[in-house]
Amino acid sequence: MHHGEITAAPLRPGNRGLAAAWALAIGWQLAVIQLTTSDLVAYNLPWLGHIVAVGPVAAFAHPFGNYTPPYGYLLAAVSPLAAVLPGTLVIKLLSFGCTLLLTASVWRLLKAMDVAHATRWAMIVPVLPSVMISGAILGQCDALYVAPCVMAVAAAIERRHRNMFAWCGLAFAIKAQALFGAPFVLAIVIARQVPVRHWLYAPAAFAAALAPAALCGWPVADLLTIYLRQSQWFDDIARNAPNIWMFAQLAGITTPLVGLATAAALGAAACYAAQIGATARSFSKPMLLRAALLAPLIVAGLLPKMHDRYFFMADILSLALAIAAPSRETLRIQAHVQLGSILALVGYLLALPWLAALGAIPMIAATLLVARPLVSRSANDNPLRMRAA
């Protein structure tokens, strides 16, 4: 038996336990839904106000906000609710809608993994603590870009490479953090020698996502440079991120290490792509999902200028791995990733950055647990065994 895999009968999610979790989650989210954060006040609420004042189409005639347009499209779609509901509530309802899209994507991934009771298992996603904090308190749209990332992983597992690239292009059009999964996609390309013509689906999807704003008048040059401007927002080496650089941030060592951190992340990503690309052809489905999880753990774990929410993709993929290949190890991985994210998010909310540094410990432990079988010979599953299955 390989690390992270089991051969026992599939588990069944308990209806009573899931119903109880949903009841508690709904009650908690109702209690906190009117809370606001500095980001909501400084960014999301003014964007919504701009759309309401100018109109849902005319709002895109000129650049506004520091996000790419896809989130703005959805914000424009729900903007009529601002006439009857507080702006904060409108934004958080949109976040919950994005969570439902994320839930659907996890269901699709679990189906690709041949998981029994995939629908009920996917219903865990909205009650995952980091997901609830991101939506109910922060009103963020991380679920919106992670959903197509999860769909890309499902497509990779099913060897639907054109779909994989299309989902990647859409995810990158929503948020630059979608690149955290890029090493996995590159490894798949290397391992399976995916034809170049399939790669073109990524820029096509990216262009299609930005086209409505461009047609409304948003300058194309501005659309193509949003991410460049985002990289200049702050000089901190970490901003409440549960990674190793948070310790340097607390020690006051920031700018001199940014170059080193960037080089470390790029080097690790290159080693990952080479290692996984050389072995992924013989991976079982659980090993492919493990490899997909390792990519954002490495990139967000080593890149500088990371935020508390930048492990959101790892939160979701670690949950999927624990469901699809249940074992003590995969459950520990999921618990470590979730604990690291929760500590970082609470550290941001309470202005206690040392909590984020504390969260780096379980996050690093999770990374090592995920990587261990992938860098060993045991990761090379027996092809005869795979065909027999």
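# Cut-offs behind the calls

Modeller: The largest cavity holds about 60 Å³ of space. This is a predicted model: local features need pLDDT of at least 70, side-chain atom pairs count only at pLDDT 80 or more, and totals for chains, interfaces and linings use all residues. Residues are numbered from 1 along each chain as its sequence is written, and side-chain values use heavy atoms, without hydrogens or water.

Colleague: What makes a space a cavity, and what makes it a pocket?

Modeller: Both are sets of points on a 1 Å grid over the protein atoms alone. In a cavity a 1.4 Å probe fits but cannot get out. A pocket is an open set with protein on both sides within 12 Å along at least five of seven lines. Grid points are joined across faces, edges and corners, and the volume is the space filled by probe spheres set on them.

Colleague: Which residues line the largest cavity?

Modeller: A lining residue has an atom within 4 Å of a point. Here they are Trp47, Phe60, Phe64, Gly65, Tyr67, Thr68, Pro69, Tyr71, Gly72 and Trp218. Helix H3 gives the most, three residues. Helices (H or I, at least four residues) and strands (E, at least two) are DSSP runs, numbered from the N terminus.

Colleague: How does that lining divide by class?

Modeller: Seven residues are nonpolar, three polar and none charged. Ala, Val, Leu, Ile, Met, Phe, Trp, Tyr, Cys and Pro count as nonpolar; Asp, Glu, Lys and Arg as charged; the others, Gly among them, as polar.

Colleague: How many cavities of 30 Å³ or more are there?

Modeller: Two, over the whole structure. Helix H6 gives the largest share, three residues.

Colleague: What lines the largest pocket?

Modeller: The pocket's volume is about 1200 Å³. It has 42 lining residues, and Gln177, Gln230, Lys305, Met306 and Tyr310 are the closest to its centre. By class the lining has 26 nonpolar, ten polar and six charged residues.

Colleague: What makes helix H3 mostly covered?

Modeller: Seven of its ten residues, 69–78, are buried. Buried means under 20% relative accessible area, exposed over 50%, and partly exposed in between, with a 1.4 Å probe and protein chains only. The seven are Pro69, Pro70, Tyr71, Gly72, Leu75, Ala76 and Val78. Their cover includes helices H2, H4, H7, H8, H11 and H12.

Colleague: Why is Phe165 called buried, and what is it in contact with?

Modeller: Phe165 has a relative accessible area of 9%, so it falls under the cut-off. Phe165 sits in helix H8. Contact means heavy atoms within 4.5 Å. Beyond neighbours within four places in sequence, the contacts of Phe165 include Val185, Val189, His198 and Trp199. Leu200 is 35 residues away in sequence, with 7.6 Å between the C-alpha atoms.

Colleague: What makes the phi of Asp114 worth a remark?

Modeller: Most residues other than glycine have a negative phi. Phi of Asp114 is positive, near 60 degrees. Asp114 lies in the loop between H4 and H5. At 58% relative accessibility, Asp114 counts as exposed.

Colleague: What about Asn240: buried or exposed?

Modeller: Phi of Asn240 is also near 60 degrees. Its accessibility is 12%, so Asn240 counts as buried. Asn240 lies in the loop between strand E1 and H14.
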